[in-house]
Amino acid sequence: MGALKLFAETLGLLALGVAARVLLARRGRVHTLPVATLLAVAAVGAACGLAGVGVSGKRAVESYRETRRLTDDQRVTAGAAKVSATLATRGAQDALVPVGLTPTWIAFVEWARRRVPVGDTFEALLSRRALESQVAFWLNWRMSPRNAVVQRDDADWLIVMDRRPPADVPARSTVEFRPGYSLVEVPDAR
Amino acid sequence: MRAEILVVGLQALALAPGYAVLSLAGLLPGSRSGVTAAAGLAYLAGVAVLVLAQVVLLPFGAPVTLVIPAVAGVSLCVAALILRRPPPPDEFGGAGSGPVLRRLVVLGLGVLGVVFVIGVIAARATPIPAFDAWAQWMPKTQVLAHHGLSDETLFVSPAYGYVNPDYPLALPAFEATQMRALGIGDGSPDLGVLHVGFWLILAAFAGALLHLRGRRASFVLAGVLVVWFAAAPGIQVQARSTLVDLPMAVFLAVGAMLLVTWLDRRERGLIVLAAVFLGMAANLKNEGLAAAVVVCAATMMALAVARDRRGVMSVGGMLVAVGLLVLPWRVWGSLHDLHGALSLGNGLNPVYLIAHASRVTPTLNALAGALARPGEYLFIPAAALAVIGAVIVCRGPAVGRALLHLGFLASYFAVMSWAYWVSTPPLASYLGEAGRYMTAFAALSVVAILDLARSSGLADSPEPAELR
């Protein structure tokens, strides 16, 4: 269907070129078919371009108005939001939260990021619910350039989300954000 | 707003090495107005050489610092001042006629400028909205800004399998350099300011095409084309997403424009500059590398048909130069066993291709549908095909050029279809994104229309052409 539609559009513009050539010839201005087609294309392009500028400008202004009062914390969570489509009908706070992420997860990730030094590595221990959302991607992005690893031996830190910390971790190494959300400095990692 | 002004000021620094590159290539206009008109091309050339200097050195252990672009930029400026190449005998842009029409175009471009400014401000308020932008490109940017390639965890760890580790590093290096220069910390909301570069690249594309259109193409048509392209919803979305598809399309299209201009003028500087632009496209995205290869291959084929052996050798040399520009990253990737979603071995294996033949029809429909969708590219691809068709039907002197542009477009479309066909992820994960994969097709369409206008002699005050 897509190819047929493109073919039909091409033929339509070519027909416009033929029509332009005939009309111009009647007015005493003789052009080749390519030049007449270019003139027709220029006319279509001018109309589409002006319409496009209007629509794009309107969207940009709307987007600006809807987001200009966001705090820095809200701006960093703008990640996967479908801003332009959803802001008009939903509250800004909800719309700017990436799909599948909860405000608690986002706040926890920012909290952990401020505590893990740049250059350290971490392993993410997530609940099934967290794994099924985009939280792993979000966590890796917000934590970078601190690198994620998949082996406990390689990790300087454990980031525990929505589940209990491992039993073999000493309590003194654990800092809790909220119940179920904690940051664990891996013993003997350094 | 201070961050936006700083980033614009920083990027303006790319103008000096850009003009130096034009001068060294013998393409810097002699008149003051010519120099002003060449600003878009100079900016893109400056960004390309400075980023390529970083990208080529990264695999050798060089960190992302301001030293490398500074040394490269100053060296180019000094070389240009010492060598002082004469300006081209025939400047590219003609003055054109029809003051009313010209004012209308300038008014249109002004409106577009206002949209750009508003877009930049809006982008600042909604940083990094696209999934691939924050999940894939920004982590690379932040790792490069802090560690260069000395810390390879992001590229080799299974924890980051989704980031397409084999994709080249021009965009992260470009953004990481700005992060270093502006002192933007990791995770900062100010990362959104990097959007500004995308809008500047889009604006520079318009300027470069207006400059390169030549005396025989209408200023009005060129102005309409660049506004048409920049205002297309698909392009606007790209500019606001910080995804790499738009910069790749821009550098590819300007490289193609320089190449076809070289076919007419045969000035060595044009093909050297085309190699820089195509090399940049190849270092921005894997699709850019494939597109640069097909553009060169199509041109070589056209020259071979015309029995222009010297031309074939020149374009072959350019292809080798493009290959050398991507070689360090490819070797580094090979040494670190980086793999993406596309396997060349599978793509050339008939058994694999037949086994996955069910992906072909939905792929063709999705890609062609994206090109035909008015809400994506506002009929630009269809317009290019119509102009190409008109030239071929008339069998005029530009028919060879029309076939060459058809070759560019068809081979890019074929390569993208093949990539969808042989990739391993579920097709559904690609089909929704078909529009952005066709950004380069739309940009090449603009180049085709402009070049055929030039070849067909559509000027602002055309002499009545003979009836065919």
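In the predicted model, A:Arg142 lies over the face of A:Trp141, at 5.2 Å from the ring centre.

Contacts between aromatic rings were examined next. Over all chains, the structure holds 13 aromatic pairs. One of them is formed by B:Trp137 and B:Tyr167, whose geometry is edge-to-face, with 6.1 Å centre to centre and 70° between the planes. This pair links distant parts of the chain, as its members are 30 residues apart. B:Trp137 belongs to helix α7 (residues 131–147) of chain B, whereas B:Tyr167 is found in the loop between α8 (153–156) and α9 (170–182) of chain B. Both B:Trp137 and B:Tyr167 are buried.

An edge-to-face pair is also formed by B:Phe413 and B:Phe441, at 6.4 Å centre to centre and with 75° between the planes. B:Phe413 counts as buried because its relative accessibility is 18%, and buried means under 20%. B:Phe441 is likewise buried, with a relative accessible area of 4%.

In chain A, one aromatic cluster is made up of A:Phe108, A:Trp111, A:Phe177 and A:Tyr181.

Chain A also contains an open sheet of five strands with mixed pairing. The strand order is β2-β1-β3-β5-β4. Strands β2 (147–148) and β4 (174–178) of chain A are the edge strands, since each pairs on one side only. Within the sheet, strand β1 (residues 121–126) of chain A runs parallel to strand β3 (residues 157–161) of chain A, and five bridges join the two. A:Leu126 stands opposite A:Met161 in β3 of chain A.

A search of the whole structure finds zero disulfides over all chains. The cysteines include A:Cys48, which is buried, with a relative accessible area of 13%. B:Cys77 has a relative accessible area of 23% and is therefore partly exposed, as this class covers values between 20% and 50%.

Conventions: Residues numbered from 1 in each chain as written. Chains lettered and ligands numbered in written order. Predicted model: local features only at pLDDT ≥ 70, side-chain atom pairs only at ≥ 80, totals over all residues. Heavy atoms only, no water. Disulfide = S-S within 2.5 Å. Buried < 20%, exposed > 50% of the residue type's maximum accessible area, 1.4 Å probe, protein only. Pairing = 2+ DSSP bridges. Helix = DSSP H or I, 4+ residues; strand = E, 2+ residues; numbered from the N terminus. Phe/Tyr/Trp six-rings, centres within 6.5 Å; stacked < 30°, edge-to-face > 60°. Lys NZ or Arg CZ within 6 Å of the ring centre and 35° of its normal.
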